[in-house]
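Here is a friendly walk through one model, written for someone who likes to keep the structure open while reading. Let us start with what surrounds the ligands and then turn to the backbone and the helices.

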Amino acid sequence: MQTVRAPATSANLGSGFDVFGVALDRPTDVVRVEKADRTTIEMTGVGSQYIPEDPEKNVVGAVAEALDAPAHIKIDKGVRPSSGLGSSAASSAGAAVALNALYDRGLSREELVPVAAEGEAVVSGEAHADNVAPALLGGFTVARGDAVTAVDASIPLVACLPEIAVSTRDARGVVPTSASMEDVVHTVGSAATLAVGMCRDDPELVGLGMDERVVTPARAELITGYDAVREAALEAGAAGVTVSGAGPAVIAPCRDSNRRHVAAAMVDAFADAGVESRAYQTRVSQGATLY
Ligand SMILES: Nc1ncnc2c1ncn2[C@@H]1O[C@H](COP(=O)(O)OP(=O)(O)O)[C@@H](O)[C@H]1O
Ligand SMILES: N[C@@H](CCOP(=O)(O)O)C(=O)O
C-alpha cells in the first residue's frame, strides 16, 4: 500500500492564464492505493458525494490507465470539487505519485506531469498542466506546452472559498477569444512582475503581478460578491487579489502579519453579499508527499 498527501493548487494567478500555478499547504487530499486486478475507486470527504467512483469518470482512473497500474484507490477529499483550488488535480497528482511508487515505475516528478494531466482531460476536456505541475513539483510553476519550470517559494496567502460551484469546463466557456495589444502588453508586464516576486519571496510584487484585464473580469462575473470581496481584501492589507483557477475561490497574497485580518475581511464581504464562505490561511508550499 502507498499513501500520498496531495495539495490544493491555485492556477493562473491572474496574469498567467493556463501557465502559472502554486501548491498550497492546505487543504489537501489523501490518496491510498493497493494493487488489484482492475481499478476500483472509493471516495470520502468534502464533496465526495458529487464525485463519480466509476474509473471512466474519476480522474484517477485515467491516471491508473496511463501508468498501466490497476489498483484499489481510496481518496479522502480535503479539496472541495469545483472550487478553483485544483480539486481534480490534487487527486490526479496524488494518484500519479502513489501508483508510481506502488508499481515501482521510477518516473520523475517532471515525467509524472503529463500522466497526471491525463486526469484533467477527463473533467475539463483538455490535459492542461497548470494545476498538476505545482501539485507534483511544489512551489511556483510555469507550464508552457510540454515544458514545466518550478521554483520554491513561500508566499503567505488567503484562499477564500464561497459556497458556489463553478465548473472548470463552464468557466473556460466565458474566456474571451481575443485581446487587444494593449492588454497583451499589460499582461506580460504583470506576469513578469509576479515571477520576479515569486523568486524573491515578495508578496507585494506577487500581488501587483496578478493584475490582468482579459480573463479575470469575465470569470469574476460568475462569482457573486467578487468586487466587494476584492475591495475588502485590499483594504485589509492584501497585496493583490484574483480568481483562483477557474473560480469560485478568490486568492489574496499578503504579509504573514495581515493574513488573519485579510481572511476575516473576505469572509465578511462574501457574507454581506449573501454567500457563505470559508477562508484558508495558507502559503505556497511543497508538492505531493509520500507518507
Ligand atoms: N478525484 C476527483 N476529485 C475531484 N473531482 C473529480 C475527481 N474525479 C472526477 N472529478 C470531477 O471533476 C470536477 C471537479 O473538477 P474541477 O471543475 O476541475 O474542480 P476544481 O476547480 O476544484 O479543480 C467535478 O465534476 C468532479 O465530479
Ligand atoms: N487554467 C485553468 C485552471 C483551472 O483550475 P481549477 O482549479 O479551477 O480546476 C483554467 O483557468 O481554466
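This is a predicted model: local features need pLDDT of at least 70, side-chain atom pairs count only at pLDDT 80 or more; totals for chains, interfaces and linings use all residues.

**Around ligand 1**

With those classes in hand, the shell around ligand 1 contains 10 nonpolar residues, 12 polar ones and no charged residues. In total, 22 residues surround ligand 1, and the closest are Ser87, Ser88, Ser91, Val123 and Thr168. Which helix gives the most to this shell? Helix 2 does, with 4 residues. At least two residues each are supplied by helix 1, helix 2 and helix 3 (109-124). On the level of domains, the shell around ligand 1 takes at least three residues from each of domain 1 (2-151 + 286-290) and domain 2 (156-282).

**Around ligand 2**

Ligand 2 has 14 residues around it, of which Ala11, Gly84, Thr168, Gly245 and Ala246 come nearest. By class, this shell holds 4 nonpolar, 7 polar and 3 charged residues. Helix 5 (residues 168-172) gives the most here, with 3 residues.

**How the helices pack**

Helix 1 can be followed against two partners. The axes of helix 1 (residues 59-66) and helix 2 (residues 87-102) come within 9 Å and cross at roughly 30°. Angles under 35 degrees count as roughly parallel, so helix 1 is roughly parallel to helix 2. The crossing of these two helices, helix 1 and helix 2, is right-handed.

With helix 3, the axis of helix 1 is 7 Å apart, and the packing angle is about 140°. Helix 1 and helix 3 are therefore oblique to each other.

**Backbone features to look at**

Two cis peptide bonds can be found in the model, as the table shows.

| Residues joined | Omega |
|---|---|
| Arg26 and Pro27 | about -5° |
| Gly247 and Pro248 | about 10° |

Pro27 is placed in strand 2 (residues 20-35), whereas Pro248 belongs to the loop between strand 8 (242-243) and strand 9 (250-253). Another residue to look up is Asn12, which has a positive phi of about 80° although it is not a glycine. Asn12 is found in the loop between strand 1 (2-11) and strand 2.

An unreviewed UniProt entry lists residues 60-139 as "domain: GHMP kinase N-terminal". In the model, that span is 56% helix and 9% strand, and its end C-alpha atoms lie 23 Å apart. The unreviewed UniProt entry also places "domain: GHMP kinase C-terminal" at residues 197-270. For residues 197-270 the make-up is 50% helix and 8% strand, with the end C-alpha atoms 28 Å apart.

Note on methods: Residues are numbered from 1 along each chain as its sequence is written. Chains are lettered from A and ligands numbered from 1 in the order in which they are written. A residue is near a molecule or strand if its C-beta atom, placed from the backbone, lies within 6 Å of it. Ala, Val, Leu, Ile, Met, Phe, Trp, Tyr, Cys and Pro count as nonpolar, Asp, Glu, Lys and Arg as charged, and the others, Gly among them, as polar. UniProt positions are given in the numbering used here, feature names are shortened, and annotations may be inferred rather than shown by experiment. Axes are lines fitted to C-alpha atoms, for helices over the stretch in contact, and angles run from 0 to 180 degrees between N-to-C directions. Angles under 35 degrees count as roughly parallel, over 145 as roughly antiparallel, 65 to 115 as roughly perpendicular and the rest as oblique. A crossing is left-handed if the near helix is turned anticlockwise from the far one by less than a right angle, and right-handed if clockwise. Domain bounds come from an automatic or database domain assignment.
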